[in-house]
Structures are given as C-alpha cells and as structure tokens.
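Biologist: Before I rely on the labels attached to this model, I would like to hear what each one rests on. Please take them in turn.

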Amino acid sequence: DIVWTKPVESEMISSYPETGEPYIRYAVNAKGQGMVGVDRSFMARLYTVKVDFSKIPQIYDYDVGSVVYQRYTRQPDADSNGNLWVDTRHEWIARNVALMRDAGLNALELARAAYALVATNFSYSTGWKNTISEIVNSRSGDCGQLSSVFVSLLRAAGIPARCVVCMRPNPNALYHVWAEFYLERYGWIPTDVDYEVENRTLFHRFGVYDDTCIVMSLDTHLS
C-alpha cells in the first residue's frame, strides 16, 4: 500500500542492471515544497550473511568491461552542493593505495588491508562532514563517512565497492550505512567498518551482514 500527496508524482519499479534486483523509484517535484514524505507498507524477511573465506581459494582478475566494474570503480561526480562523498584522487587515499599495491596484495588482501587501515586509524564521531578531506583530516566520522573512506580506497585500487544504506526496523527507525566490495565470480562481500571503530575490534564484520537491517538504497549520493 502506498500513500502520498504532491509533490510526489509517480512510482516506478525498476531493477539494478547487474543483478536484476527490483527497487522502487519515485519521481519527485519538491521545489519549494520542503521535505517530502512517502509511506509504503511491505513485508521483509531479514537474514544473516556470513562469508566463508575458506571457500574462496582463488582470486580472479576483474572483467573491466562489465557493468559492475565500470559503475563501481569510477570516480563519482560531486553532488549538487559540490561535495565529493567518494574521492579516489585524494592524496591520503592515493598514497595508501600505492603502498598496498607495492606490497603485491590481491583484491581480497587489499580489501582487508584497507578495512584495517580505517578501523585502526579512525574514531567514531557525529556531525556533518561534506568531503573525504574533512573526514580524513579529522580521522573521524559516522557510519556513512567511514564507509565512504573505505569505498574510496577500494575504488582507487580498482576494486568495485559501494555504500549500502539500511534502516533498522525498530521503534526508533535508525538508519545505518555499511560497505560492500565485489570479487569476480563470487559477488558482493559485506563489511561494516563502523562496527569495528565503535567497538575497537577488527574483522568482526568483514564478510558479515547481520539480520537487523532492511536495505533502502545502494550507492546513494555516490553515482
């Protein structure tokens, strides 16, 4: 069931080109209207994903001509306010990726190294930061900002990566952001570096997605 009033004009069921997964897209004319609210009821089954890395004996080269590779390794444009949420050209990002490449790491090893880099060098903080520079300079951020740093590192290394925005279905309706990276022939690997930063742990959420969130958007503000 869906309920709306203007300025929401239409609803369209579409799908992601690389997976065929359906999503709902709204056409909104919000100029001068302030915040737009849309209510939709649905049923969702939550489940846990835990990657068994022992079942990944070989890392394959990427198909650089694929939709996934082209979409999720590119440097996104700035948003409408001129802010870069993912910045593969940032000096700190480029320097650390160069060090990882010099070590001869494969895609999975590089993803682990980038994950550990963010988890052990950043702290959790709230407050709006508009660019990767602000996040990196402060060495802090919230779940979305920390995920953006991780995604920037992987995209700079030529590894497809994206942020995932979800909502926890509880009375507080809390939003959360984590990141995924793609391994050729295996698919998307979930990670939650914010969990490690907040709990001062390491690799507890690398390859793990718990059953507390409903995915609301993939790669929001990044493409």
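Modeller: Of the 223 residues of the protein, 43% count as buried. This is a predicted model.

Biologist: What makes a residue count as buried?

Modeller: Buried means a relative accessible area under 20%.

Biologist: Why is Y195 called partly exposed?

Modeller: Its relative accessibility is 25%. The partly exposed class lies between the buried limit of 20% and the exposed limit of 50%, so Y195 counts as partly exposed.

Biologist: Where is Y195, and what does Y195 touch?

Modeller: Y195 is in helix α6, residues 193–199. Leaving out residues up to four places away in sequence, Y195 touches T201, H204 and R205.

Biologist: How do you describe the packing of α3 and α5?

Modeller: Two packed helices are described by the angle between their axes and the distance between the axes. For α3 (residues 107–121) and α5 (residues 143–156), the angle is about 145° and the axes are 10 Å apart. The crossing is right-handed.

Biologist: Which residues meet there, and how do they divide by class?

Modeller: L110, A111, A114, Y115, L117 and V118 in α3 meet L146, V149, F150, L153 and L154 in α5. By class, this contact has 11 nonpolar residues, no polar and no charged ones. Ala, Val, Leu, Phe and Tyr are among the types that count as nonpolar.

Biologist: How many helices and strands are there in the protein?

Modeller: The protein has six helices and 12 strands.

Definitions and conventions: Residues numbered from 1 in each chain as written. Predicted model: local features only at pLDDT ≥ 70, side-chain atom pairs only at ≥ 80, totals over all residues. Heavy atoms only, no water. Axes fitted to C-alpha atoms, helices over the stretch in contact; angles between N-to-C directions. Helix = DSSP H or I, 4+ residues; strand = E, 2+ residues; numbered from the N terminus. Left-handed = near helix turned anticlockwise from the far one by under 90°. Contact = heavy atoms within 4.5 Å. Buried < 20%, exposed > 50% of the residue type's maximum accessible area, 1.4 Å probe, protein only.
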